[in-house]
Amino acid sequence: MMLTWLKKRRFGYRSSNDTNGDRETRAQPIVPMLHIDHLTGIYNRFALEHDLTALLNRPQSEGRGALLLIDLDRFKFVNDAMDHAAGDEVLISIARRLASVLTGVGTIYRLGADEFAVHVAGSPSRGKIEDICATIKTILSTPFVLSAGEVWIGGSIGIAVPTPNDLSMSALLRRADLAVMKAKQTAGNSHVFYEAGMSAEASARSELEYDLSRALDRNEFFLEYQPIVCSETRMIKAFEALIRWRHPQKGIIAPDQFISIAETTGLIMPIGNWVVRTACDEAKRWPSPIGVAVNVAGDQFRDPTFLPYVRDCLRRSGLAPERLTIEVTESIFSVDPAVIADSLMELRAEGVKIALDDFGIGFSSINNLRRFPLDHLKIDRSFTEAMLGSKRDAELVDIILRLGTTFDVSTTIEGVETERQLEYARSRGANAIQGFLISRPVAAGDVSAILDRNRVHGAKT
Ligand code: C2E
Ligand code: MG
Ligand code: MG
């Protein structure tokens, strides 16, 4: 049965206006299996190489099409957290979905683990390519129902259009690769056309990756702490730990510029562990019950040693678990809800608090508040910025604050910069405030002074 299906798929997925059709008829008796990806039944990397080489040696006037490289966004997680059978199911479903929407439009290939390519034949306009990308993104972001449960995958697409100078597949693939790397830097499901300058950007990024891989051993990270205060009394309840990188040549680098690199390279595990340990050790020196909040990336929960590591940090530092808050963003729930819920439940059972950070943007869903054990909700600072300028945003903040009451979680408004914002947040029932109005993030050595001043002057911190 598998073979029949394979055969059906092999012939069903080639574009009808594909100018490489001659390979299909002439080469078919000798190479079909060599050019087929045995798991999914679609064409493989050898087939792409064969097709592109033939195509790039044709006169430009015949139209060389466009190459779309697709890289799945969360495939590794499915493979790690579920199992390889689940990963295989996803790949087969993706091949089927691509085939169902691209037959007659392009030829699809599986190049490696979670990498697919589509060659769109002819001379497609940019608009047509955009439409094809939109279709691909829709089918990739539709949940996959597997034997082991439901997963969301998503994917990034890089597009390269052959130039007259392209005589081999490698140059074209390299450009599509650079474009896909760029697409992956944007959170989830985006597509990017190759542009000149991407090579330089990619080398700067790999240089940064290399520096990042050595930064921990070279003691280049440090934490700053930003107070979170009670909205009524303005007394400090906790500090949020925020990582900074003291780069030997580039100076201080903010987390927004390196956390995503740490995530894609896997460096987030050791760096994230360093943050937890340092924050626990430093917070232990503060008077109880002042707490510390630590940002934790989704990937860290995939590491089975992470929870024992947190426990060990608490034990060794002597910090009461109730004084530690783990901040997560909603993106972590979209991958394997069961694993995440178990981890959060385990942490909470020990007394650690959980905060949902940057609430209201990205993957927001009321369902997350129902399904996951939470203590705090932090409303993203984009709402704070907008709430006094727009009735709609003010109402949204109000709704989120009421959600906090409904789900019995305390609420914090992030990014408060003015007294008016604070007053609005307080009057609508926000429990806590964080922002430059109270204090910018400060060095670990300045925390005691801020606490002393806060005890004496409260509001004038
Ligand atoms: P976040 O967790 O939402 O942290 C708050 C960010 O908002 C901080 O930026 C803080 O400096 C900034 N902020 C606070 N108050 C104000 C304000 O009134 N106005 C404005 N304009 N900004 C304000 P920062 O330190 O650059 O951190 C950015 C993000 O990087 C954090 O957002 C967090 O998602 C991530 N991050 C920081 N440290 C870590 C870490 O140790 N691990 C991980 N995984 N992520 C981290
Ligand atoms: Mg945070
Ligand atoms: Mg935040």
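Reply: In this predicted model, the magnesium ion (ligand 2) is coordinated by Glu240 (OE), Asn295 (OD1), Glu327 (OE) and Asp357 (OD), at 2.0 to 2.2 Å. Donors here are N, O and S atoms within 2.8 Å of the metal (3.2 Å for Na, K and Ca), and water is not among the atoms, so sites may look incomplete. Along the chain, the donors of this magnesium ion (ligand 2) follow the spacing E-x54-N-x31-E-x29-D. Aspartate 357 also bridges the magnesium ion (ligand 2) and the magnesium ion (ligand 3), which lie 3.9 Å apart. Distant parts of the chain are linked in this way, for asparagine 295 belongs to strand E12 (residues 291-295) and aspartate 357 to strand E14 (residues 353-359), 62 residues apart. Strands (E, at least two residues) and helices (H or I, at least four) are DSSP runs, numbered from the N terminus.

Asparagine 295 counts as partly exposed because its relative accessibility is 31%, whereas aspartate 357, at 6%, counts as buried.

The loop between helix H10 (268-284) and E12 holds proline 289, which is joined to serine 288 by a cis peptide bond with omega of about 5°.

Residues are numbered from 1 along each chain as its sequence is written, while chains are lettered from A and ligands numbered from 1 in the order in which they are written. Local features need pLDDT of at least 70, side-chain atom pairs count only at pLDDT 80 or more, and totals for chains, interfaces and linings use all residues, while side-chain values use heavy atoms, with hydrogens and water left out.

Definitions and conventions:
Buried < 20%, exposed > 50% of the residue type's maximum accessible area, 1.4 Å probe, protein only.
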